[in-house]
Amino acid sequence: MDIFLGDFIHLENIILSIRKYRNLFRKKNFDHLILDTQVINESHLDIQEISLYIHQNSYYDQLQLNQQSVASIVAAAKTKNLIVSANGLSFTYPEYQDQIKPFHKIATADVEQPIEIKEVYKLRYDSYLLDISSQYLGYYPTNCDVKLWWSFADNLSPEERRSQFQTIDYHYDIHGFNFFYISFYLTDVDVKSGAHILVKGSHVNKKMSMLLRSARVPEELIHQNYSPTDIITIEGKAGKCFLEDASCFHKALAPIERDRLFLQLRYF
Ligand SMILES: O=C(O)CCC(=O)C(=O)O
Ligand SMILES: [Fe+2]
């Protein structure tokens, strides 16, 4: 039997139609969960343009969470239990400051069950963020991992930080087959308080030799392969929200002056 190009195109159209209807169905089944947005877009770009921008640049950072939500999440992160995954220690934020910090070297601590915080739950089902994510991913993401953690300002060595899994080295993430990260600074962040750094465009533009290495890449290799103008440092006041295709190279600077509270939604 001969197979012609036309048959392939026909088949592709059928697959696209099936995907489209499956997505509409997924979204419809999800409709009752979706909540009004808490996020403001500070540029004139619409959802399609934002998605295109991320396809080209790996990120988009002109979003802002309202200040009331910021205040509520920070307050909750200061009362809820924190857990250090590297050693199992558990404490609250005030306990960390009074009792833990003087005796232990702690890089980061996760807020337990962040989805229990009302504003975090609302962000996980935020209509606008879900619309952007589905536009970028090409399907409606019904799954989302939610992480909220403190990165403490202290003088740990890079080795101590690595041993506690703090991502201070360039790497790219693989989270299932397809994924999309939405992150929020809940404290003011600059280069001395845990700024996130990413290599613009590197979600598609990786040299074969870099791909075959482990996902963690030495600093020199990044500087050899990418222009300094492609290295983007994201700084901003509490409430700054950025979107990222985390298959780009990225890392966090170690905070030395101010603790950072960071919320991350991983849609997949
Ligand atoms: O802490 C950061 O800014 C980066 C975190 C990160 O690389 C990750 O969660 O995959
Ligand atoms: Fe990462």
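Q: At roughly what angle do the axes of helix H2 and helix H6 cross?
A: This is a predicted model, where local features need pLDDT of at least 70, side-chain atom pairs count only at pLDDT 80 or more, and totals for chains, interfaces and linings use all residues. Residues are numbered from 1 along each chain as its sequence is written, while chains are lettered from A and ligands numbered from 1 in the order in which they are written. Helices (H or I, at least four residues) and strands (E, at least two) are DSSP runs numbered from the N terminus, and axes are lines fitted to C-alpha atoms, for helices over the stretch in contact, with angles from 0 to 180 degrees between N-to-C directions. The axes of H2 (residues 47–57) and H6 (residues 127–137) come within 9 Å and cross at roughly 50°.

Q: Is H2 parallel, perpendicular or oblique to H6?
A: Angles under 35 degrees count as roughly parallel, over 145 as roughly antiparallel, 65 to 115 as roughly perpendicular and the rest as oblique. The crossing here is roughly 50°. That makes H2 oblique to H6.

Q: Which residues of H6 do Ile-47, Gln-48, Ile-50, Ser-51 and Ile-54 in H2 meet?
A: Contact is when C-beta atoms, placed from the backbone, lie within 7 Å. On that basis, the H2 residues meet Asp-131, Ile-132, Gln-135 and Tyr-136 in H6.

Q: Which residue in S6 is the bridge partner of Asp-110?
A: Start from S3 (residues 82–83), joined by 2 bridges to S5 (residues 108–111), antiparallel. Asp-110 is the partner in S5 of Ile-83. Moving on, 3 bridges join S5 to S6 (residues 144–151), again antiparallel. In S6, the partner of Asp-110 is Trp-149.

Q: Which strands each supply at least two residues of the shell around ligand 1?
A: A residue is near a molecule or strand if its C-beta atom, placed from the backbone, lies within 6 Å of it. Around ligand 1 are Thr-167, Asp-173, His-196, Ala-246, His-250, Ala-252, Phe-262 and Gln-264. The strands that each supply at least two of the shell are S13 (250–252) and S14 (260–267).

Definitions and conventions:
Two residues are in contact if their C-beta atoms, placed from the backbone, lie within 7 Å. Two strands pair if DSSP finds at least two bridges between them.
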